[in-house]
Amino acid sequence: MQDYSENQFLAIAGTPPLDIEICDVTLRDGEQMPGVVFRPDEKLDIAMRLDEIGVDVIEAGFPVVSKAEKSAVREICNLDLNAKISALSRSVKADVDAALDCGVDMISVFIATSELHLKYKLHMSCPEAIRCALDTVEYAKDHGLIVRFSAEDATRTDFETLKKLYKKAEEYHADYISVADTVGIMNPRTTYYMISEIKKVVKIPICMHCHDDLGMALANTLAGAEAGAKQLHTTVNGIGERSGNTPLEEMLVTLKLHYGVDAYDLTRLKDLSKLVESYSGVSVARNKAVVGVNAFAHESGIHVAAVLEEPRTYELYSPEIVGAARHIIIGKHTGAKALKYITERMGYHLKEREVCELAEKVKMCSEFKRPINCEELRRLILGMENLEISYPGP
Ligand code: HCA
């Protein structure tokens with residue numbers, strides 16, 4: 001990894017050392033994204049790859065949902081991975097029983113605690129909900145599970161009530177409490193404050209589960225970690241309900257670059273992203289950080305010329321670090337220097353004048369259309385005029 005200490009602001013601000021673990025919820029919250037269904041064999045494949053990366057906890061599913069879901073969670077448990085396997089459970093004993101049948105190590109017992117959810121979803125009073133949650137935490141603990149208690153919609157819950165509930169969960173021997181920003185309303189400052197205040201009340205580790213409705217899931221999760229949260233929730237490619245969850249790949253690269261966290265194998269991130277893209281059917285945006293096809297692509301003449309001399313000029317870190325590759329795009333912004341480099345790699349040794357002529361032709365061809373590919377460039381070099389370049393589909 002290149003020397004990131006080049007960032008003077010990082011040195012001035014300083015970053016605190018973090019004591020964190022990653023819980024990836026792709027197989028559960030990721031699959032709750034509308035339209036996404038993973039086949040059981042796909043779930044197993046994803047779980048194995050998350051384990052290879054070194055993810056600490058894998059939330060494998062919601063066993064009570066269906067027989068197939070339950071059997072997939074059981075099969076993941078049978079893989080005997082290094083990661084702890086967790087399952088989601090409502091605050092009802094039947095859900096805990098379903099998770100126990102699968103052989104999970106850990107369980108996420110959740111109940112909504114905001115007035116909105118209590119009134120319009122659960123149709124319960126707050127004391128009733130708290131009773132269900134604590135009874136279920138106790139039941140799961142009595143059955144030997146590591147228990148995360150999650151307050152769904154925690155960030156819209158009356159804060160005094162929430163803190164009392166977390167304290168109670170601790171008294172009932174929950175191992176973790178989870179702050180679910182279920183509809184992604186937080187920002188880094190409010191998150192930092194919230195976690196700092198909760199830390200004054202409970203001693204057990206805190207989990208951050210953030211949604212990306214305002215595009216701040218990663219920043220909020222990290223703000224929570226800086227305030228002392230331990231377990232950070234992610235999904236591959238950030239898939240999940242509505243705008244999704246904190247993306248695993250962005251999280252791991254940021255942990256490495258900003259906080260020096262070295263515990264995870266980043267080189268497998270690009271492959272895992274492609275796999276989840278194909279299994280989920282959810283395309284990764286071209287400009288998506290870390291794993292988008294443009295993450296290490298350069299077209300502008302100025303950028304390409306600089307990158308060819310020293311990639312750090314326009315790349316924060318090398319693509320190989322995340323198992324990706326650099327792409328030099330040939331288009332209307334391509335300069336002569338880039339063309340010389342590309343054509344040489346294609347086996348053509350053009351004179352300076354020829355390169356300049358070629359650059360003009362490339363500009364003409366791609367001005368109103370799209371970047372051209374190597375075959376089209378070859379035809380231009382060979383003087384085969386009348387390139388038929390059609391618009392790519394929408
Ligand atoms: C959901 C539940 C949850 C739970 C989060 C957690 C949320 O709404 O599906 O485990 O802490 O976002 O509130 O995913």
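Predicted model: local features only at pLDDT ≥ 70, side-chain atom pairs only at ≥ 80, totals over all residues.

Q: What are the overall numbers of helices and strands in the protein chain?
A: Helices (H or I, at least four residues) and strands (E, at least two) are DSSP runs, numbered from the N terminus. In this case the protein chain has 16 helices and ten strands, and its C-alpha trace spans about 80 × 50 × 40 Å along its principal axes. Of the 394 residues in the chain, 51% are buried.

Q: Where is Asn237 found, and what is its phi?
A: As a general idea, most residues other than glycine have a negative phi, and most peptide bonds are trans. Asn237 has a positive phi, near 60 degrees, and is not a glycine; its place is the loop between β8 (231-234) and α11. Arg242, also not a glycine, has a positive phi of about 50 degrees, and is found in the loop between β8 and α11. Arg242 counts as partly exposed because its relative accessible area is 43%.

Q: How should I read a nonpolar core, and which residues touch the most other members of the largest one?
A: In soluble globular proteins, nonpolar side chains tend to be buried together. A nonpolar core is a set of buried Ala, Val, Leu, Ile, Met, Phe, Trp, Tyr and Cys residues joined through side-chain atoms within 4.5 Å. The largest core here has 91 residues, and those that touch the most other members are Phe149, Tyr166, Leu255 and Val322. Helix α11 (residues 248-259) gives the largest share of this core, seven residues. At least three residues of the core come from each of domain 1 (18-280) and domain 2 (297-381), where the bounds come from an automatic or database domain assignment. There is also a second, separate core of 13 residues, with Ile330, Leu358, Val362 and Leu377 among them.

Q: Which residues is Phe149 in contact with?
A: Contact means heavy atoms within 4.5 Å. Leaving aside neighbours within four places in sequence, the partners of Phe149 include Val109, Ile111, Leu165, Tyr166 and Ile177.

Q: Which residues are around the ligand?
A: A residue is near a molecule or strand if one of its heavy atoms lies within 4 Å of it. Among the residues around the ligand are Arg28, Asp29, Arg148, Glu152, His209 and His211. The largest share of this shell, three residues, comes from β5, while α2 (26-30), β5 (146-152) and β6 (176-181) each supply at least two residues.

Q: What is the distance from the side chain of Glu152 to an oxygen atom of the ligand?
A: The distance from an N or O atom in the side chain of Glu152 to a ligand oxygen is 2.7 Å. For Arg28, a side-chain N or O atom is 2.9 Å from an oxygen atom of the ligand, and a polar side-chain atom of His211 lies 3.2 Å from a ligand oxygen. Taken alone the ligand exposes 360 Å², and the protein buries 94% of that; such accessible areas come from the Shrake-Rupley method with a 1.4 Å probe, and for residues only the protein chains shown count as cover.

Q: Is Asp95 buried or exposed?
A: Asp95, in helix α5 (residues 93-102), is buried because its relative accessible area is 1%. Its side chain reaches the backbone nitrogen of Arg90 at 2.8 Å. By contrast, Glu352 lies in helix α15 (residues 352-366) and counts as exposed, because its relative accessible area is 68%.

Technical notes:
Residues numbered from 1 in each chain as written. Heavy atoms only, no water. Buried < 20%, exposed > 50% of the residue type's maximum accessible area, 1.4 Å probe, protein only. Polar contact = N/O pair within 3.5 Å; in protein donor to acceptor, adjacent residues only side chain to side chain.
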